[in-house]
Amino acid sequence: MSIAIPEQAKVAVLTELKKFEFQHHPIPQISDDEILVKVEGCGVCGTDVHEYRNDPFGMIPVVLGHEGSGRIVKLGKNITTDSTGKPVEVGSKLITSIIPCGECGPCTSTPGRTNLCENMGCYGLMGDQPENKFNGWFGDYLVLKPGSTFFEVSEFSLEERILIEPVAVAVHAVERAKTTNLLNFASPVLIQGAGPIGLSIIAVLKAMGIQNIIAVDGQNDRLELAKELGASQGLNFNEFESTEALAAKVQELTLGRGAQFAFQCTGSPAAASTVWKLIARGGGLCELGFFVDNGEAKVNPHFDMCNKEITMVGSWAYSPEDYPNAIACMKSIKDAGLPITRLVTHVFPLDQIGEAVETNIRMEGIKVITVNE
């Protein structure tokens, strides 16, 4: 199958803080080990917002966008399968994961945890590369270089494909939580923060069969969606006069004990302090809300950690090994009838990428995405 490819295409380059510039570049010739993808859409992630506002990773100029998907329009002759061995061809729909270096300490000493790679690559978080101007999903095309990790997902709709990335974050966090041996069908589990990640975790837990899920957030519309995705209770922290009052309500909902396990999914230091108060003695916590430095959180080691004997794990993004599980989990979420695509509340054409990011900043929706014509 032959698909017409233009000589040039555009990318949305973040050239300075809060400023996107559309640039046109020649589409390079694809080698035998590369793939050219026509972008169909991409989600706006909190990481994109951090880079847009503050450039914490020092990447400007950069083509952002790592929650994207599109179809193969040109395929190097040496590539016949995706990273799991699934056949691919021109026209196949795909998504990408991180690219571990394979050489640093974590890559060589912690098998299966390449998310800890010290030199991790990720399309949409690479900065300017003279040899590849099409290295982020906020553009018309994406060039996948040799060694990339990618997955064929043609069976899913565009919105579902875009949501596999946040589901992968959720799956990785749940897998980290499972190492504590504190998650089971009867566990009262609390999710703090009903944004895209928190809601994805709720859907993952529900698909696993966990029944008693408590969502905590400050927006009632998000809490309502949390219930549709599997939460049995939704608590608006703004309706409680103190942390103690919120903790008392959680105890009331959990036979006087507190949550057996909690996932802290916000980037708020205040929330990171509060969550400890909501966990039962002998319970557990997975902290995944701080992909960038948002400041320090106050914790009382005696009351919050030692006296309760809390088991705590951190969760950092995901590894390529998480993606097959995330794809399978997305199938299970769909089979269970959970309305995962309702996370997508705003859709903008790529030409309005600035407004898409600003909409995310204003928290007017849940998951904001861009689509390509």
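**Helix packing, aromatic pairs and strand pairing**

Helices H3 and H9 are roughly perpendicular to each other, a class that covers angles of 65 to 115 degrees, whereas angles under 35 degrees count as roughly parallel, over 145 as roughly antiparallel and the rest as oblique. The structure is a predicted model, in which local features need pLDDT of at least 70 and side-chain atom pairs count only at pLDDT 80 or more, while totals for chains, interfaces and linings use all residues. Residues are numbered from 1 along each chain as its sequence is written, and side-chain values use heavy atoms, with hydrogens and water left out.

Two packed helices are described by the angle between their axes and the distance between the axes. The axes of H3 (residues 158-178) and H9 come within 8 Å and cross at roughly 115°; axes are lines fitted to C-alpha atoms, for helices over the stretch in contact, with angles from 0 to 180 degrees between N-to-C directions. Helices (H or I, at least four residues) and strands (E, at least two) are DSSP runs, numbered from the N terminus.

A search of the whole structure finds 6 aromatic pairs. Rings of Phe, Tyr and Trp (its six-membered ring) pair if their centres lie within 6.5 Å; planes under 30 degrees apart count as stacked, over 60 as edge-to-face and the rest as tilted. The ring centres of Phe57 and Phe291 are 6.2 Å apart and the planes lie at 65°, so this pair is edge-to-face. The pair links distant parts of the chain, 234 residues apart: Phe57 is in the loop between helix H1 (46-54) and strand S4 (62-63), and Phe291 in the loop between strand S13 (279-287) and helix H8 (301-306). Phe57, at 32% relative accessibility, is partly exposed, as is Phe291 at 30%; buried means under 20% relative accessible area, exposed over 50%, and partly exposed in between (1.4 Å probe, protein chains only). Ring pairs link Phe57, Phe291 and Trp316 into a cluster.

The rings of Phe151 and Tyr323 have centres 5.1 Å apart and planes at 15°, so the pair is stacked. Phe151 belongs to strand S8 (residues 150-152) and Tyr323 to helix H9 (residues 322-335), 172 residues apart. Phe151 is buried at 2% relative accessibility, and Tyr323 is buried at 1%.

Strands S3 (residues 35-43) and S5 (residues 67-75) pair in the antiparallel sense over 8 bridges, where pairing requires at least two bridges found by DSSP. Val37 stands opposite Ile72 in S5. S5 also pairs with strand S6 (residues 93-96) in the antiparallel sense, over 2 bridges, and Gly70 stands opposite Leu94 in S6.
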